[in-house]
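Work through the exercises below with the sequence and the model open. Each task is followed by a solution in steps.

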Amino acid sequence: MPPLPQSDWALFLDIDGTLLDIAETPEAVVVPAALRDHLRLAAAALDGALALVSGRALDSVDRLFDPLRLPAAGQHGSEWRPTPQAMIRPVAVRPLPDDLHDIAAQLAALHPGILVERKSHALAVHYRHAPELGPDLGARLAAALEGRDGLMLMPGRQVWEIKDAGQSKGTAVELFLQQQPFVGRRPVFIGDDRTDEDGFRAVERAGGFALPVGPLSRSWPSRHGFADAHAVRGWLAAFAERAR
Ligand SMILES: [Mg+2]
């Protein structure tokens with residue numbers, strides 16, 4: 001297990017696959033009751049410098065953790081809420097073009113194992129239940145993006161995402177690090193997927209480090225990491241109990 005957080009850390013946490021076990025669909029994940037408590041205690045022990053940084057839209061994040069509100073970034077940095085009380089601010093200037101949502105819906109109609117998650121500034125095409133379709137879906141989505149500036153296709157764990165090319169989990173971390181209570185702290189990013197690597201690079205540039213989870217802990221060079229989300233929750237519980 002990695003060392004428990006120091007009081008001068010700022011913690012950035014991915015959600016799916018990092019805090020929560022991956023479920024059949026994004027809406028089917030389960031938030032263990034103790035996790036809300038542990039996140040609240042951990043945030044207090046860091047003077048509030050704990051943020052969720054997710055590909056989910058922030059309204060989905062808030063529904064999951066209700067009634068807990070934390071600083072958070074959603075849709076890979078396209079939405080941002082610097083403090084628990086603040087309004088959610090869109091960062092990306094343009095919403096995703098409607099015809100891309102139409103193309104994704106046409107892909108979802110091809111096979112019952114394809115699930116499209118529609119967000120304001122991004123879309124995700126999940127193929128957990130049809131893994132053999134992954135390469136073909138990726139090729140079709142790449143073709144749909146041809147000639148469009150400012151958007152990118154990003155691979156994840158059995159998901160393709162289309163998002164604003166100018167925003168990432170890394171730009172979200174950089175925004176937080178300019179703000180109280182994050183400024184001047186040692187940033188640590190915990191994540192399990194390719195999209196989290198932008199967050200990893202951002203914390204490393206700012207003098208912090210990454211704690212990769214699951215498959216990423218084998219590919220990302222790091223002294224410490226976690227086997228899975230269960231291990232991350234155990235580590236957070238230990239930190240929360242020490243802080244209580
Ligand atoms: Mg994840």
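A residue counts as buried if 20 or more other C-beta atoms lie within 10 Å of its own, exposed if 12 or fewer, and partly exposed in between, with C-beta atoms placed from the backbone. Helices (H or I, at least four residues) and strands (E, at least two) are DSSP runs, numbered from the N terminus. The model is predicted: local features need pLDDT of at least 70, side-chain atom pairs count only at pLDDT 80 or more, and totals for chains, interfaces and linings use all residues. Residue numbers start from 1 along each chain as its sequence is written.

**Exercise 1. Determine how far helix 5 is covered, and by what.**

Step 1. The buried residues are Lys-169, Gly-170, Thr-171, Ala-172, Val-173, Phe-176 and Leu-177.
Step 2. Contact requires C-beta atoms, placed from the backbone, within 7 Å. The elements covering these buried residues include strands 1, 2, 3, 4 and 10, together with helix 6.
Step 3. For the chain, buried residues make up 44% of the 244 residues.

**Exercise 2. Give the strand order of the open sheet and identify its edges.**

Step 1. Two strands pair if DSSP finds at least two bridges between them. The 7 strands have the order 5-4-3-2-1-10-11, and the pairing is mixed.
Step 2. Strand 5 (89-90) and strand 11 (209-212) each have a single partner strand, so one side of each lacks a neighbour in the sheet.
Step 3. Within the sheet, strand 3 (residues 72-74) pairs with strand 4 (residues 79-81) in the antiparallel sense over 3 bridges. Gly-74 is opposite Glu-79 of strand 4.

**Exercise 3. Find the strands that helix 2 and helix 6 lie across.**

Step 1. Axes are lines fitted to C-alpha atoms, for helices over the stretch in contact; angles run from 0 to 180 degrees between N-to-C directions.
Step 2. Helix 2 (residues 58-65) lies across strand 2 (50-53), strand 3 and strand 4, at about 130° to strand 3.
Step 3. Helix 6 (residues 196-205) lies across strands 1 (9-13), 2, 10 (186-191) and 11, at about 165° to strand 10.

**Exercise 4. Describe the two domains and the side of domain 1 that touches domain 2.**

Step 1. An automatic or database domain assignment supplies the bounds: domain 1 is 9-90 + 167-243 and domain 2 is 98-164.
Step 2. Their C-alpha centres lie 24 Å apart.
Step 3. In contact are 14 residues of domain 1 and 14 residues of domain 2.

Definitions and conventions:
Contact = placed C-beta atoms within 7 Å. Nonpolar A, V, L, I, M, F, W, Y, C, P; charged D, E, K, R; others polar.
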